[in-house]
Amino acid sequence: MPYRLEIDKAGVLTDLRLNATTRRTPGPEEIEILVKAGGVNFRDVMKALGIYPGNPIDLKWFGDDVAGVVIAVGENVTSIRPGTGWAG
């Protein structure tokens, strides 16, 4: 089952929760990664504290820095193949 690190209301780092989410097929320009390790970076901390500027779609999601293995690619992705290691 896939999970996503999220927060309901910004302001307190201890309110971060690992919540079950749904898996979807990657879009044409996307890849799907089986995450083996993740980190919380400064952007994540700013979002959690409610001080990140703007209103990005991923405002309540965390874990921009991950490492793992690509397990699926979108139809327009040609330079990355399933089975490739990923860190980003």
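Modeller: Ground rules: residues count from 1 along each chain as its sequence is written. Since the model is predicted, local features need pLDDT of at least 70, side-chain atom pairs count only at pLDDT 80 or more, totals for chains, interfaces and linings use all residues, and side-chain values use heavy atoms, leaving out hydrogens and water.

Biologist: How do you know what confidence the protein has?

Modeller: From pLDDT, the predictor's confidence in each residue, from 0 to 100. The average is 91, and 100% of the residues score at least 70.

Biologist: Which elements have the lowest and the highest mean pLDDT?

Modeller: Strand S4 (residues 61-62) is lowest at 85, and strand S5 (residues 65-73) highest at 96. Strands here are DSSP runs (E, at least two residues), and helices too (H or I, at least four), numbered from the N terminus.

Biologist: Why is Leu-59 called partly exposed?

Modeller: Its relative accessibility is 24%. Buried means under 20% relative accessible area and exposed over 50%, with partly exposed in between (1.4 Å probe, protein chains only), so Leu-59 counts as partly exposed. Leu-59 sits in the loop between helix H1 (42-49) and S4.

Biologist: What does Leu-59 touch, not counting residues up to four places away in sequence?

Modeller: Lys-47 and Tyr-52; contact means heavy atoms within 4.5 Å.

Biologist: What makes S1 and S4 a pair?

Modeller: Pairing takes at least two DSSP bridges between two strands. Two bridges join strand S1 (residues 3-6) to S4, running antiparallel, so they pair. Leu-5 stands opposite Phe-62 in S4.
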